[in-house]
Amino acid sequence: MACMFTRMARQAVLLAALAPWVGAQAQVQAGPGAWSGNQTWASDTVNGGALTGYYYWPATAPALAGKRALVLVLHGCSQTAAGDVIDSTSDKGYNWKGVADQYGAVILAPNATGNLYGSHCWDWARSTHSRTTGHSGVLLDLINRFVGNPQYAIDPKQVYVAGLSSGGAQTMVMGCLAPDIFAGVGINAGPPPGVSTLQIGAVPSGYTATTAANNCKNLAGTSLSQFATQIAGVIWGTNDYTVAQGYGPLDAAAMRIVYGGSYTKGAAVNVPTGGSNIPYTDANGKVRTSEITVTGMGHAWPAGTGGQNSNFVDASKVNYPAFVMDFWFKNNLRVAQVAPPSMTSCSASVSGSTITVNGAASGTIGSYKVVLNGPTPVNDAAAGSGSSFSKAYAGRADGYYSGSVTATDSGTGLTSNACTIGQFLVGSAPALQPPAGLAVGARTASSIALSWNASNGATGYNLYRNGSKVNAAALTSTGYTDSGLAAATAYSYQVSALGNGGVESARSASVSASTPSGFACTTTTASNYAHVTAGRAHNSGGYALANGSNQNMGLNNTFYTSTLAQTSAGYYIIGSCP
């Protein structure tokens with residue numbers, strides 16, 4: 001099972017503070033909008049190895065206070081970041097990408113170091129936790145790496161953590177240990193601090209919300225006062241028979257005790273696909289905790305539609321990433337909920353060689369920024385102020401231009417989303433040029449994806465395969481997936497641009513690509529005798545030889561073990577897949 005914990009975690013030592021970073025107000029840099037490759041971060045001297053994992057840096061703008069939120073997502077036992085959390089091309093995992101794009105938030109998906117409790121778990125059950133050692137230490141170091149790097153523009157007041165099972169328990173540990181760092185937590189089927197690995201299936205006799213709250217406060221140490229502005233969401237399934245369902249409401253009640261004061265229980269609200277959410281508000285009318293019971297869900301992360309639906313991830317229930325992000329963003333007590341200004345209009349007009357740009361925005365606008373891309377570019381951060389502006393840029397060279405306008409509020413310093421100015425022409429149209437940057441993307445046994453750069457003045461594109469046009473109608477985008485191809489076959493591609501009046505440019509330089517065979521390499525580890533019996537190898541003079549490659553694996557008996565990789569039909573090599 002994903003969260004069968006088999007032994008107590010070892011003790012950690014030393015206490016330290018994670019230094020917060022306060023960045024200057026600046027234009028937020030767009031990320032690649034894709035999960036990173038596997039990263040290597042801090043070393044774990046307690047559990048062994050180095051913290052590895054992935055991060056998602058969105059291309060979209062942040063949704064709150066002009067800076068990005070940072071979300072730490074912790075997998076459960078028997079899960080990994082790559083296999084279960086991140087959104088790859090074939091597996092949407094925990095389903096964080098969509099909400100990361102919606103809110104402009106950076107997502108961290110680390111792998112648990114060591115092999116705690118025999119199932120790749122987090123060390124939540126450790127009798128002591130430290131901000132500098134063990135899993136808590138390396139995770140706080142990871143947070144500090146991103147908060148401290150100005151390129152990500154992380155707001156220290158918008159740092160959150162969520163996780164499943166051992167990751168849910170570690171989420172509660174992190175929220176208790178560092179309430180100054182985490183503005184919100186999202187606990188999914190996680191036992192509270194002070195519970196052992198042998199007690200996950202039932203709440204111990206005498207263990208109450210007060211017990212959990214006292215353990216949580218003890219972890220916080222000198223940061224106890226920071227609980228005054230933290231919020232917590234808890235979620236569990238009615239069919240969870242791995243982690244006791246009683247821990248769900250107990251966790252939420254413990255956090256309310258930690259936060260202090262009196263609370264009002266709100267009316268239960270139905271959640272999609274079955275279940276209910278119960279909010280609790282404090283004496284100031286602020287929502288501080290959320291308790292979601294998911295009807296019919298077992299021990300799993302509720303990813304919602306589009307997420308993974310295997311290995312303790314459930315895509316048929318509520319979309320918890322969407323819910324908890326909405327909960328955190330709406331109820332964050334550390335960030336002033338001030339909306340950025342909004343561009344209401346922008347346009348450009350041409351007279352001779354002069355471009356006049358107009359724009360209007362809502363808010364107290366201290367400055368407008370005009371960006372024009374073209375033969376004579378413009379990057380003007382002082383184009384005007386007030387509710388609207390108009391500014392002329394003379395002496396522009398002939399050619400195609402496009403651009404954008406943004407507005408910055410004089411009081412908050414927040415900048416609006418860009419208002420886009422579409423392509424327009426100054427002077428005479430230049431000759432239509434073939435598209436540049438033709439490149440090959442993802443390939444399958446029957447398809448090849450291609451992309452290219454836009455051509456100035458183009459109204460569409462034609463794609464050619466081996467000299468013959470692929471598309472019946474003009475392509476309107478700068479990408480196309482050519483399908484219905486033969487496996488293991490090479491193809492050559494070119495692209496041309498189409499203009500007004502049916503004009504077609506010359507064709508681009510060609511690129512070549514081959515479809516793969518469609519064969520998926522697999523590995524098998526077994527005795528040499530078993531390999532021969534199964535037809536992966538054959539006997540020759542008492543030795544086992546791999547079929548196809550004829551590599552000598554050693555004596556053909558049950559005492560010699562080999563790993564064979566099948567790299568093509570009937571062809572095996574010694575070792576793993578290349």
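Author: We'll take the disulfides, then a surface patch. This is a predicted model, where local features need pLDDT of at least 70, side-chain atom pairs count only at pLDDT 80 or more, and totals for chains, interfaces and linings use all residues. Residues are numbered from 1 along each chain as its sequence is written, and side-chain values use heavy atoms, with hydrogens and water left out.

Reader: What is a disulfide?

Author: A covalent bond between the sulfur atoms of two cysteines. Here the test is a pair of cysteine sulfur atoms within 2.5 Å.

Reader: How many disulfides does the structure hold?

Author: Four. Number the bonded cysteines in sequence order, and the pairing reads 1-2, 3-4, 5-6, 7-8.

Reader: Which cysteine is joined to C176?

Author: C216, with S to S at 2.0 Å. This pair links distant parts of the chain, 40 residues apart: C176 is in helix 4 (residues 166-177) and C216 is in helix 5 (residues 209-220). Helices (H or I, at least four residues) and strands (E, at least two) are DSSP runs, numbered from the N terminus.

Reader: Are C176 and C216 buried or exposed?

Author: C176 is buried, at 0% relative accessibility. C216 is buried too, at 1%. Buried means under 20% relative accessible area, exposed over 50%, and partly exposed in between (1.4 Å probe, protein chains only).

Reader: Why is the disulfide of C176 and C216 left-handed?

Author: Because the torsion about its S-S bond is about -100 degrees.

Reader: OK, next. What does C346 pair with?

Author: C419, at an S to S distance of 2.1 Å. C346 lies in strand 15 (residues 342-351) and C419 in strand 21 (residues 419-426), so the bond ties together parts 73 residues apart in sequence. Both C346 and C419 are buried.

Reader: And C521, where is it?

Author: C521 sits in the loop between strand 28 (511-514) and strand 29 (522-527). A disulfide joins C521 to C577. C521 is partly exposed at 29%, and C577 is partly exposed at 28%.

Reader: Switching topic. Which residues make the nonpolar surface patch?

Author: Y543, L555, F559 and Y560, covering about 440 Å². Patch residues have over 30% relative accessible area and no salt bridge; like charges are joined within 9 Å, nonpolar side chains (Val, Leu, Ile, Met, Phe, Trp, Tyr) within 5 Å. A salt bridge is a side-chain nitrogen of Lys or Arg within 4 Å of a carboxyl oxygen of Asp or Glu. Accessible areas come from the Shrake-Rupley method with a 1.4 Å probe; for residues, only the protein chains shown count as cover.

Reader: Where is Y560 found?

Author: In the loop between strand 32 (552-555) and strand 33 (561-568). Y560 is partly exposed, at 38%.
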